[in-house]
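Please read the following report alongside the sequence and the three-dimensional view. It takes up packing of helices, pairing of strands and contacts of rings in turn.

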Amino acid sequence: MNILSACPAPLMQHETVQMAHGAGGRLSQELMQRVFMPHIQNAFLDILDDQAKLDLPPGKIAFTTDTYVVSPVFFPGGNIGELAINGTVNDLSVGGATPLYISTGFVLEEGLPLTELEAIVRSMAAAARRAGVMIVTGDTKVVGRGQCDRIFINTSGIGLIRNNTALSCRNLQLGDAVILSGTVGDHGMAIMTSREGLSFHSRITSDSAPLNAMIAAILDEVPSIHAMRDPTRGGVAATLNELASSSSVGIEIDEAAIPVKDDVRGAAELLGIDPLHVANEGKLVLVVAAHDAVKVLAVMRSSEQGRDAALIGRIVEEHPCMVVMQTALGSRRIIDLPPGEQLPRIC
C-alpha cells in the first residue's frame, strides 16, 4: 500500500469543507492555520489553549450569547459573519456595557466552499476591529451534507458595564420620549428581497452595523438614559411592546415620524408585511426623560448610524402595556406583537 496516497489531501487541495476538517486532525489544524488565524490572530488565540484567560477591569460585566442562522449567508449589505459580531456587540452595548471579548462557534456543512468560509471569517475580523472588540476563543464543527444550511455561527460576548448607568426596560417613566436611531426594516427586507423566488429589483441593503460607538457617545452626554434596545427579530413593534409591558406603561407613537426608506416601504407593501415588524440589525430604540431628548438626538445625528434619528413617541398613562400609533390618516391603531414567524432565518 502506498502510504502517501492513503493520506488525506492537504487543505489547499480541497475547495470545499470536508468532514475531516472537523475531526481534530491534520486538516483541522490546517483549516485553523490557513483560513481562521491569518484574519483573527491575536495574543489570546495564538496560545491555542482550550480557553482564553482574560484580564477584566473591576466592576459589573454583561455577558450575552446568540446564534446566527441567516439565509442567504451572503446578502445585500453584509454576510452572516459580520452580522454575528455586530449583533453581539449591540446586545452588550444596549445594556450600557463596553464590549471587550467575543467567542465564536462555527457549525460548517460539508461542501461549503472554503473561499466563502474565508470571506466570512475575514468580514468577522473586520467587524471586530471596527467595534474595538477581540475574538478570543472559538470552536469549529463539521456536519454532513444536508445537516445544516452551509454555516451556522454562535457568538458570545463579555462587556464592562459603565458605573453611572442603570439601563432597564423597567425604567420607563410617564412623559419619557421614545427615540429611534434611523430607518426601520432595512435588514429584514434586504434578506427577503435577496431570497430565491423574489423577482422584483431592489436596492435595499442591510443596516448591519456596530452601535457601541454611538451608544458610548450618548451615555457620555446623557448618562441617565432609562432604556435602550436594538429592535432585531420582531422589529420595532416587538421592542416597544416589550418595553411597555415590562414597565406597565402605555406607549404612543406617531406614524409620520417613523423613518422608512421608500424601497423598504414598497417591498413591505408588496409582501404584505408591516415595516414595524421587520428585523433591524443596526438600529436603536431609546427611552429618555423628555427634557434630554434634544441632546440625545443631536448626538445620534452626528454619528453615521444615527443620522436619521427621530423622536417617534412618548410614554403615557393610558392603555398600560399597549402600544398605540397615531396614523398618517389621523386614526389610531394598536401596534401588537408580530402574530408569528413572518420572516424565518432572518438573523
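At what angle do helix 2 and helix 5 pack? Helix 2 (residues 26-40) and helix 5 (residues 114-131) pack at an angle of about 25 degrees, with their axes 8 Å apart.

## Basis of the description

This is a predicted model, in which local features need pLDDT of at least 70 and side-chain atom pairs count only at pLDDT 80 or more, while totals for chains, interfaces and linings use all residues. Residues are numbered from 1 along each chain as its sequence is written, and side-chain values use heavy atoms, with hydrogens and water left out.

## Helix 2 and helix 5

The angle of about 25 degrees makes helix 2 roughly parallel to helix 5 (angles under 35 degrees count as roughly parallel, over 145 as roughly antiparallel, 65 to 115 as roughly perpendicular and the rest as oblique). Helices (H or I, at least four residues) and strands (E, at least two) are DSSP runs, numbered from the N terminus, and axes are lines fitted to C-alpha atoms, for helices over the stretch in contact, with angles running from 0 to 180 degrees between N-to-C directions.

On the side of helix 2, the residues that meet helix 5 are Leu31, Arg34, Val35, Phe36, His39 and Ile40; their counterparts in helix 5 are Leu114, Leu117, Glu118, Val121, Arg122, Ala125 and Arg129, where contact means heavy atoms within 4.5 Å. By class, this contact of helix 2 with helix 5 has eight nonpolar, one polar and four charged residues (Ala, Val, Leu, Ile, Met, Phe, Trp, Tyr, Cys and Pro count as nonpolar, Asp, Glu, Lys and Arg as charged, and the others, Gly among them, as polar).

Four strands form an open sheet in the order 1-6-4-5, and the pairing is mixed; two strands pair if DSSP finds at least two bridges between them. Strand 1 (61-68) and strand 5 (134-143) are the edge strands, each pairing on one side only, and the twist averages 15 degrees from one strand to the next.

Strand 1 pairs with strand 6 (residues 151-161) in the antiparallel sense over eight bridges, and the bridge partner of Tyr68 in strand 6 is Ile153.

## Aromatic pairs

The structure holds two aromatic pairs. One of them is formed by Phe44 and Tyr101, whose rings have their centres 5.6 Å apart and their planes at 75 degrees, so the pair is edge-to-face (rings of Phe, Tyr and Trp, the last by its six-membered ring, pair if their centres lie within 6.5 Å; planes under 30 degrees apart count as stacked, over 60 as edge-to-face and the rest as tilted). Because Phe44 lies in helix 3 (residues 43-46) and Tyr101 in strand 4 (residues 97-109), the pair ties together parts that are 57 residues apart in sequence.

Strand 12 (residues 323-326) and strand 13 pair in the antiparallel sense over three bridges, and Val324 stands opposite Ile334 in strand 13.
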